[in-house]
Amino acid sequence: MKKILLTTAAIALLGAGLVAQNNKILKFDATPKSVPVSNSIKKNGVRCATLTPPKQWDEAFNKAVEEYKKSLPTGKASSTTYTIPVIFHIIYGTEAVGSGHNVSQAQVNSQIPILNADYGGTGYNTSQYASMTMSGHPAFYDYATANSLPAPDNNGVIIAGSGITFCLATKNPSGTTLAEPGIDRESWSTHGWADPSTESTGANLMSLFDNTIKPATIWDVTKYFNVWVSDGGGAGLLGYATFPPSSGLTGIPSVGTTSTDGVWMAYIALGNIGTAQAPYNKGRTLTHESGHWLGLRHIWGDGVCATDYCNDTPPAAANNFCPWPTAYPFHVGTCTGSPNNSPDGEMFMNFMDYSDDAAMWMFTTDQTTRFHTALANSPYRSGLTTSATNLCNVTV
């Protein structure tokens, strides 16, 4: 999104100021369990609780992106392909396998084709894009070209395939073959941890995972994409992620560490069967959170008409909780001034907005470039494809 960098902005402060900012983000209202989860999420505005990375991370990662772009043929996206092994840590109480929070293998399996289609630019409702045009061009094409982004090769369509695929890990870190590919089941009751379903705020839930559950269950972050699945309690959260670390940057809030790196997500948003609940039952929560895990900011830049550092995503005044269908163009003119005057309005269907699952179905070329930058450069991402050679042999 726009993509004029704020060179006069002060260096973001760590410590008390950042903690205060994060606490403000995380003060969610507790919601009675009788309230439908979708209403709770929309009431609290916390589909995603991923913390905004500080300026130090933005600067380092954006520098890496620009260097990566210079390595590509002029006007072309990267043709490199990547495979990412995934391990789902299912956090449950005493339920039998396939019951309640202890979700079934089939439900876990249902998430992988969704990820692969979404990252391939062919996911659910992508066909809706064909009906969206502006000035005789596909949606957002004029905006992308006006902001100096070369037109993609596929007739101006800016829905981008990423060359990234995900697979279920078949072995644990010791090399033992998993009885259930891609699954590590961990009982909070057996381990003596707090029950995630009793956490009434996002801050408490994230603290439980980041300080207790993640460190006790995480698998080698250089070889696995770790995803934790549990009840979200009364916080009304669907997920949160860590950003890819950069070499030389340590101790940066919201950036993955060897004990926290990965994604947490609610079991009611996993895949598209079993416990998945509408309107978050198309598997797009993990698509969104893995976007952060691979270096994407929210489409509105976590501010009012702020930047997500992608030239082909129009600015947005705030997050959008759009259902499907939603009229296009959407919210035209909410952000003013060049290059922010997009005739296509806001890109509510981008995976990095907050729309309902059926209403989000695209990444763009610049977004996929950030993915490739992370996978080529981040110390926790650059070895994943190599590890997939030994860890993945299951297709679902």
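I began with Asp302 and Arg297, whose side chains meet in a salt bridge at 3.2 Å, N to O. I take the term to mean a side-chain nitrogen of Lys or Arg within 4 Å of a carboxyl oxygen of Asp or Glu. Shared partners in salt bridges join Asp58, Arg297 and Asp302 into one network. I noted that the model is predicted: local features need pLDDT of at least 70, side-chain atom pairs count only at pLDDT 80 or more, and totals for chains, interfaces and linings use all residues. Residues are numbered from 1 along each chain as its sequence is written, and side-chain values use heavy atoms, with hydrogens and water left out.

I then looked up accessibility, where buried means under 20% relative accessible area, exposed over 50%, and partly exposed in between (1.4 Å probe, protein chains only). Arg297 is buried at 5%, whereas Asp302 is partly exposed at 29%.

Next I turned to helix α7 (residues 202–217), in which Asp210 and Lys214 lie four residues apart, about one turn of the helix. Helices are DSSP runs (H or I, at least four residues), numbered from the N terminus. The closest N and O atoms of the salt bridge between Asp210 and Lys214 are 3.2 Å apart. Lys214 is buried, with a relative accessible area of 0%; Asp210 is partly exposed at 24%.

In helix α3 (residues 55–70) I found Lys69 and Glu66, three residues apart. Their side chains form a salt bridge at 3.7 Å, N to O. Lys69 is partly exposed at 27%, and Glu66 is partly exposed at 42%.

How many salt bridges does the structure hold? I recorded nine.

Conventions
Helix = DSSP H or I, 4+ residues; strand = E, 2+ residues; numbered from the N terminus.
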